[in-house]
Amino acid sequence: MNWYRRLENRLESEQDSGVMRGTLSGRRMFMIWLAANLVVTTMLTGTLFVPGVDFATAVVVIVLGTVLGTVVLTLIGNIGTRTGLATMAITRGAFGAKGSYLPVAANVIILMGWSWVQAMLAGISVNYVVAQTTGFSNPILFSVLCQALVVGLAILGHEGIEKAEPWFALLILLVMAYVFAVALTGHSATEFGQIAKDPSLGFTPVLALDMVISTAISWTVLSGDLNRLARSQRSGIVGSGLGYITSTVLAMLLGLTAFSFILLDGGSPEPFDPTALAAEFGWALAIVIFLSVMATNTMVVYGMVNSVVGAQRRTTVKFLPVALILGAISIIGSTWLALLDQYTDFLTMIGAFFVPVFAILIADYYVIKRGVYTRDILRDSGGLYAYARGVNWAAVGVWVAGAFVSYLLTYAYPSPIGATIPSFFISFLLYLALSWRSRSRFAAAEAGHLARISD
């Protein structure tokens, strides 16, 4: 077990489980975020738009929705840069030490679901190409193998991520360029723009915009974890913002273009089906899917571990054993292929759970706490963030209300502007209204990175 002890000691010495002082430049942050979001789920989301809306409108919606979602992502990520805390550790400031267990639990469940979905998509894609080539078919086996490799990368901690992600990004971009070239030389831009819209699908540009913004929200759960690696606020904001926008727009446009190409060729593919794309583009697209899962699921497992490790401070929970346990669960769950049929409902659940959380965090940190969290945020009891026995019931109540609004506007009374934007602003304003009187309590707090503030 010497290898285990050596790895555990190295991870703990690198502070994977606590406050971290970042060292990465904006360029490195750009490459990390670029690789993280060149992902199969984002690519397949692009297949959902046409023919519900026309090709040109889908392009505009993808760009606009990604930019709007990036605002939330970078604001939350900047808190991680300024404090050195992972995303779920940041929730202690608004929800309290014990109240933060609620978003932490939701985050682990959702990230686990993400890891399963992406491993399955990679496994199905690789299995399809292998089956066409050799006749051997076992999608569950390939899903498990993909996720096992991911867990191995995640166990290396942030150091492994820093080294692997830029290379993943480069390889993915090269293969994506090939797929774009095949699609755009096979049919002209005019032909793509002339794909007939199908109003019977009931898919509007505004609903498409809501879906794109929800995609950004789903990645915001990792923004603090990753942006605390940045050496400055500028490096974190510019690197993550440009990296997320570039990768998400490229991935969604790839899915949109590839799906439209098949339609123009007379095919009738099912949206969110990687085998349809693999059948058209073969090994090239299978490689993109496989590499994207390696890059992204590494971040997902890393984020799950940070969520659990940062949930409490009184009893030290080590990074490596948590990574091994959660990694094992993620590998076992990757065999549940039926989950892929529930992907759109899964996105809705993410929006309902985390749009209100991020609205609360932005209002709390930037307005109520005046851009400062002190080392009291690391305490399990007492201090500025004690609230009522460790729970800020105002934040919990707003979260429940925001989630209720999201579900209401999605299922009971479908909103013509979607559920994400209304849920965000209702949660933001309601939290400000309930917490404004406490603002003066935090006026004298000492500003600075938590690793630099003395106890």
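Thr-248 is buried, with a relative accessible area of 0%. Buried means under 20% relative accessible area, exposed over 50% and partly exposed in between, for a 1.4 Å probe and protein chains only. Thr-248 is found in helix α12, residues 233-264. Leaving aside neighbours within four places in sequence, Thr-248 is in contact with Asn-37, Thr-42 and Thr-66. Contact means heavy atoms within 4.5 Å.

This is a predicted model, in which local features need pLDDT of at least 70, side-chain atom pairs count only at pLDDT 80 or more, and totals for chains, interfaces and linings use all residues. Residues are numbered from 1 along each chain as its sequence is written, and side-chain values use heavy atoms, with hydrogens and water left out.

**Overall build**

- The chain has 18 helices and zero strands. Both are DSSP runs numbered from the N terminus: helices are H or I with at least four residues, strands are E with at least two.
- Of the 455 residues in the chain, 59% are buried.
- Take the contacts between residues at least 6 apart in sequence: 87% of them join residues at least 24 apart.
- The accessible surface of the chain is about 17500 Å², and 66% of that belongs to carbon and sulfur atoms. Areas come from the Shrake-Rupley method with a 1.4 Å probe; for residues, only the protein chains shown count as cover.

**Nonpolar core**

- The largest nonpolar core has 129 residues. Such a core is a set of buried Ala, Val, Leu, Ile, Met, Phe, Trp, Tyr and Cys residues joined through side-chain atoms within 4.5 Å.
- Phe-49, Phe-95, Phe-354 and Phe-358 have the most contacts inside this core.
- Helix α14, residues 283-309, gives the most to the core, with 15 residues.
- Phe-354 touches Met-88, Pro-103, Ala-106, Asn-107, Ile-110, Ile-217 and Val-221, not counting residues up to four places away in sequence.

**Second largest pocket**

- The second largest pocket holds about 260 Å³ of space. On a 1 Å grid over the protein atoms alone, a pocket is an open set of points with protein on both sides within 12 Å along at least five of seven lines, whereas a cavity is a set where a 1.4 Å probe fits but cannot get out; lining residues have an atom within 4 Å of a point.
- Grid points are joined across faces, edges and corners, and a volume is the space filled by probe spheres set on the points.
- The pocket has 13 lining residues, and Leu-68, Val-72, Ile-421, Phe-424 and Phe-425 are the closest to its centre.
- Helices α4 (55-83), α10 (205-220) and α18 (420-435) each supply at least two residues of this lining.
- By class, the lining has 11 nonpolar, two polar and no charged residues. Ala, Val, Leu, Ile, Met, Phe, Trp, Tyr, Cys and Pro count as nonpolar, Asp, Glu, Lys and Arg as charged, and the others, Gly among them, as polar.

**Cavities**

- The structure holds three cavities of 30 Å³ or more.
- The second largest cavity has a volume of about 40 Å³.
- Its lining includes Arg-92, Ala-97, Asp-376, Arg-379, Asp-380, Gly-382 and Tyr-385.
- This lining has four nonpolar, four polar and four charged residues.

**Loop between α16 and α17**

- Gly-382 is in the loop between α16 (343-368) and α17 (393-412). Gly-382 is partly exposed, with a relative accessible area of 31%.
- Gly-382 and Ala-97 are 285 residues apart in sequence, yet 9.4 Å apart in space, C-alpha to C-alpha.
- Tyr-387 lies in the loop between α16 and α17 and is partly exposed at 24% relative accessible area. Its phi is positive, about 55°, although Tyr-387 is not a glycine.
- Arg-389 also has a positive phi of about 55° without being a glycine. Arg-389 counts as exposed, at 80% relative accessibility.

**Other backbone and helix points**

- The peptide bond from Val-50 to Pro-51 is cis, with omega near 10°. Pro-51 is found in the loop between α3 (40-45) and α4.
- Helix α13, residues 274-281, has Pro-274, Ala-276, Leu-277, Ala-278 and Phe-281 as its buried residues. Gly-282 follows α13, with a positive phi near 65°.
- Arg-28 is in helix α2, residues 26-37, and counts as partly exposed at 33% relative accessibility. Arg-28 and Leu-229 are 201 residues apart in sequence and 9.7 Å apart in space, C-alpha to C-alpha.
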